[in-house]
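Please examine the sequence and the structure shown below. A short briefing on selected features accompanies them.

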Amino acid sequence: PHRGGNRFAALGAAEFSAAGAQEALALRDRRLTLRAQAAVHARDGRHREALEAAAKAYEAALEAMALGNKDKTMAATPEFEAAALVELLIICRSAWTNADYALGLGYLERLLDAADRLAGVRTKYPVFHP
């Protein structure tokens, strides 16, 4: 196996697409599993665990979007980005429930930025700032 640097450096274009597709599928599966865990934790009132699982799912979503942007055959679509709103909502709710308001505010701003971007709104308004 290729060590260090870009693990796809030794692969040709066709192999890169196949390897990228496999990695994208693995990220999708990991993300869906983490999102399901976050939902179960939230339903059970275990908000710290819900927060952690949702944050990991959101990170997997960001990785998948970055991978999709590298390999134009798997470019991130608005539908793909919209699905990340679920993770952001769980993070915001769990952070609020855990009284972690600074973290919740940071993710709320990400949530609003994503929603504005998806809606085509270009102006950026501050959230709860004077």
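Predicted model: local features only at pLDDT ≥ 70, side-chain atom pairs only at ≥ 80, totals over all residues.

Residues are numbered from 1 along each chain as its sequence is written, and side-chain values use heavy atoms, with hydrogens and water left out. The secondary structure of the chain consists of four helices and zero strands, where helices (H or I, at least four residues) and strands (E, at least two) are DSSP runs numbered from the N terminus.

**Chain overview**
- Along the sequence the pattern reads α-α-α-α.
- Of the 130 residues in the chain, 30% are buried (under 20% relative accessible area; exposed is over 50% and partly exposed in between, with a 1.4 Å probe and protein chains only).
- Contacts (heavy atoms within 4.5 Å) between residues at least 6 apart in sequence join residues at least 24 apart in 53% of cases.
- The chain exposes about 8300 Å², of which carbon and sulfur atoms supply 59%; accessible areas come from the Shrake-Rupley method with a 1.4 Å probe.

**Helix H4**
- H4 spans residues 101-119, and its 19 residues reach 26 Å from first C-alpha to last, close to the expected 27 Å (1.5 Å times one less than the number of residues).
- Gly104, Tyr107, Leu111 and Ala114 are the buried residues of H4.
- Seen down the axis of H4, these buried residues fall within an arc of 90 degrees and therefore line one face of the helix; the arc is that of the directions from the helix axis to the C-beta atoms.
- Tyr101 and Ala102, on the other side of H4, are exposed.

**Aromatic pair**
- The structure holds one aromatic pair (ring centres within 6.5 Å; planes under 30 degrees apart are stacked, over 60 edge-to-face and the rest tilted, for rings of Phe, Tyr and the six-membered ring of Trp).
- The ring centres of Tyr58 and Tyr107 are 6.1 Å apart and their planes stand at 80 degrees, so the pair is edge-to-face.
- Because Tyr58 lies in helix H2 and Tyr107 in helix H4, the pair ties together parts 49 residues apart in sequence.
- Tyr58 is buried at 9% relative accessibility, and Tyr107 is buried at 12%.

**Loop residue Arg46**
- Arg46 lies in the loop between helix H1 (13-43) and helix H2 (47-70).
- Its relative accessibility of 34% makes Arg46 partly exposed.
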